[in-house]
Amino acid sequence: MSSLYSTVPSGDAAVKAASTLPIIDIAPWIDGHDHKGRLSAAAAIHAACLEFGFFYLDVTSFVSPEEPEELSRLAREFFALPQEEKDKISLNNQDHARGYQRLRENVTMGLADNHEAIDFYRPVENPDKGKVLWGENQWPNIPEFLDKYEAWIDRMKALGLIVMHAMAMGLGMTDAEWEDLKAQVDDSFWVLRILGYPPLPNDDQGFSCGAHKDYGCLTFLWADRTRGALQVFLPQQFLAVENPGSVIRQEGIEEGIWITVDPIPGCIVCNIGEMWEVWSNGLYKSTLHRVIHRGSNYRVSIPFFFEPNFDAEVAPLEAARRIQRDLHLVTESHHTHKQVLEKIYEPVVYGDFLREKVNNNFVTGGGKYN
Ligand SMILES: O=C(O)CCC(=O)C(=O)O
Ligand SMILES: [Fe+2]
């Protein structure tokens with residue numbers, strides 16, 4: 001059910017091929033009767049969240065392979081249009097969040113990201129483009145674009161609830177606790193992003209997408225076959241035993257290494273965002289990742305961000321606290337665990353957190369990933 005996968009080394013000296021991200025098959029959660037299968041998928045997700053904050057989800061039982069291929073074809077058709085055509089759905093026409101963003105318009109930590117993108121958010125009642133995040137989505141005028149993407153959004157929303165349920169089981173939540181958590185995500189304020197990456201020139205020291213953590217709940221990333229582009233940061237603590245010689249010191253962040261996470265047919269890459277850090281009271285960490293695409297092709301990726309409801313009050317879950325207390329009993333003398341136990345994450349209302357983030361980025365001229 002869970003297997004190991006080694007990624008291929010990229011040319012970048014700071015990247016080592018040490019990836020062992022698990023592949024977790026969601027099938028038992030699609031067919032209703034395999035309780036044991038569900039439990040072991042839930043346990044595998046729990047282990048992956050403790051260790052990496054990233055894993056592959058095998059979705060062959062849930063998504064037909066042609067579906068995302070078709071989305072990618074539609075995305076390429078849009079990105080191949082003349083600039084003036086693309087600018088007709090610019091996010092500046094709307095609430096500065098929904099719409100098309102030009103190549104290098106997004107800035108992460110002071111550097112322009114070498115990608116273009118279209119963003120869609122959950123539609124709102126009474127849209128008002130003068131209000132942060134409260135405008136209307138702008139769809140390209142390409143036959144079938146809207147229908148195919150809406151079908152994908154519905155599918156990813158359903159997957160979001162499935163993975164959340166599996167995570168609740170992985171944390172040992174009771175049915176009642178799961179119902180409470182479900183009520184925070186059953187009207188997800190989702191985001192769909194369609195990203196287009198021309199190759200980053202060799203002499204460009206920037207990034208296709210700078211290092212960031214996702215800020216929400218769950219990210220489901222479908223990407224085309226391009227290899228060596230997406231990189232995930234693994235802190236040293238998880239690598240020390242396996243491969244002590246390969247740890248690269250990183251200035252400004254923890255020690256660790258960047259691994260490449262290549263696409264696997266039939267799988268999407270799943271990672272957890274900062275809201276899961278709060279729910280799990282830091283038991284799960286959302287992980288830094290970035291994109292460096294230096295190949296010769298135009299890369300397309302389509303992340304779907306399954307987020308909490310806009311008004312969800314996200315606070316540490318009792319189930320995570322139970323696990324932390326158990327850990328504490330096992331390792332009572334261990335200083336780090338004492339600190340973990342004492343630190344309680346501040347609750348946040350997801351919509352307030354998101355609004356602040358978007359506002360700040362707008363004021364500072366920063367980007368989505370700052
Ligand atoms: O394009 C990718 O592979 C990753 C994009 C990403 O991390 C994001 O949009 O948050
Ligand atoms: Fe991301």
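Which protein donors does the iron ion (ligand 2) have? The views below take up this question in a predicted model, in which local features need pLDDT of at least 70, side-chain atom pairs count only at pLDDT 80 or more, and totals for chains, interfaces and linings use all residues. Residues are numbered from 1 along each chain as its sequence is written, chains are lettered from A and ligands numbered from 1 in the order in which they are written, and side-chain values use heavy atoms, with hydrogens and water left out.

**View 1. The donors of the iron ion (ligand 2).** His212 (NE2), Asp214 (OD) and His289 (NE2) are the protein donors, lying 2.1 to 2.2 Å from the iron ion; donors are N, O and S atoms within 2.8 Å of the metal (3.2 Å for Na, K and Ca), and because water is not among the atoms, sites may look incomplete. Their spacing in sequence is H-x1-D-x74-H. Asp214, in the loop between β9 (209-212) and β10, and His289, in strand β14 (residues 289-291), are 75 residues apart and so link distant parts of the chain; helices (H or I, at least four residues) and strands (E, at least two) are DSSP runs, numbered from the N terminus.

View 2. Asp214 counts as buried at 6% relative accessibility, and His289 is buried with a relative accessible area of 7%; buried means under 20% relative accessible area, exposed over 50%, and partly exposed in between (1.4 Å probe, protein chains only).

View 3. All 6 of the 6 residues of β10 (residues 218-223) are buried, so the strand is largely enclosed by the rest of the structure. Leu218 has Ile272 as its bridge partner in β13 and Phe306 in β15.

Notes
Pairing = 2+ DSSP bridges.
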